[in-house]
Amino acid sequence: MRLQPLPPENLTSELRFVHDEISNLITKSQGQASMINDEGALLGPFPAMLHFPKFGIPALSFIRTLDTYATLDKKVREVAILTVGSTFGARFELYVHEIMAEAFGFSKSIVASLSAGIRPEGLNEQEAITYDIAYTLTHGKIVSNSTYRHAVDVLGKEAVGELFFLIGSYSLIAMILNGFDIPAPENNE
């Protein structure tokens, strides 16, 4: 790990506000995963965002916008996020979203397949097209016209646009995690 988590008491008032906002959000939406250490410092991509606030705070705003205006089903979102995480091998991203995918009702088998970069059996039509799109984009390919049309038929045009931005945002998070070599917590299952 190339950056250490920042204890909240060591932050400027502006960064402490951002820290506390993130802490409140993740406790409510992703409380099942360990994202705060014993000193109260944020883990995962958040230390990098606080170390480099000129870039990190706008990135956080974008990601928060995707959460605030989310219309995609939570399971569809997790398919996209785990596909991104597996493609890039982003350990922290996989750690958090394996937990979240199970919390939203995916079987351990489906979660394990997604985390291994394998298209699992048992996805519904929305989840399957989401996997196909996320896999295509994270492998540097263009989504074909037939796949795009099928996705619009299954998800709707607005949801497909949201999906593209979601995949892009979690690709950004994966790059931050990997660039700073941020691991998953050691005491996870």
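A: The model is a predicted one. In it, the axes of helix 5 and helix 9 come within 8 Å and cross at roughly 125 degrees. On the side of helix 5, the contact is formed by F92, E93 and H97, which meet Y170, I173, A174 and L177 of helix 9. By class, five residues of this contact are nonpolar, one is polar and one is charged.

Both helices also take part in the largest pocket. Helix 5 (91-103) and helix 9 (157-179) are among the elements that give two or more residues to its lining, together with helix 1 (13-29), helix 2 (46-51), helix 3 (53-68) and helix 4 (74-88). Helix 1 gives the most to this lining, with nine residues. The volume of the largest pocket is about 850 Å³. Its lining comprises 36 residues, and those nearest the pocket centre are L25, S29, Q30, I63 and D67. In terms of residue class, the lining holds 22 nonpolar, six polar and eight charged residues.

The pocket may also be placed in relation to the domains. The domain assignment of the chain gives domain 1 (13-69) and domain 2 (74-180). Each of these two domains supplies at least three residues to the lining of the largest pocket. The C-alpha centres of domain 1 and domain 2 are 21 Å apart, and the contact between the domains takes 18 residues from domain 1 and 17 residues from domain 2.

Helix 4, another contributor to the pocket lining, takes part in a further helix pair. Its axis and that of helix 6 (residues 108-115) come within 8 Å and cross at roughly 45 degrees, which makes helix 4 oblique to helix 6. In this pair, V79, L82, T83 and S86 of helix 4 are in contact with V111, L114 and S115 of helix 6. The contact of helix 4 with helix 6 has four nonpolar and three polar residues, and no charged residues.

Notes:
Residues numbered from 1 in each chain as written. Predicted model: local features only at pLDDT ≥ 70, side-chain atom pairs only at ≥ 80, totals over all residues. Heavy atoms only, no water. 1 Å grid on protein atoms, 1.4 Å probe; cavity = no way out; pocket = protein on both sides within 12 Å on 5 of 7 lines; lining within 4 Å. Points joined across faces, edges and corners; volume = space filled by probe spheres on them. Helix = DSSP H or I, 4+ residues; strand = E, 2+ residues; numbered from the N terminus. Nonpolar A, V, L, I, M, F, W, Y, C, P; charged D, E, K, R; others polar. Domains from an automatic or database assignment. Axes fitted to C-alpha atoms, helices over the stretch in contact; angles between N-to-C directions. Parallel < 35°, antiparallel > 145°, perpendicular 65-115°, else oblique. Contact = heavy atoms within 4.5 Å.
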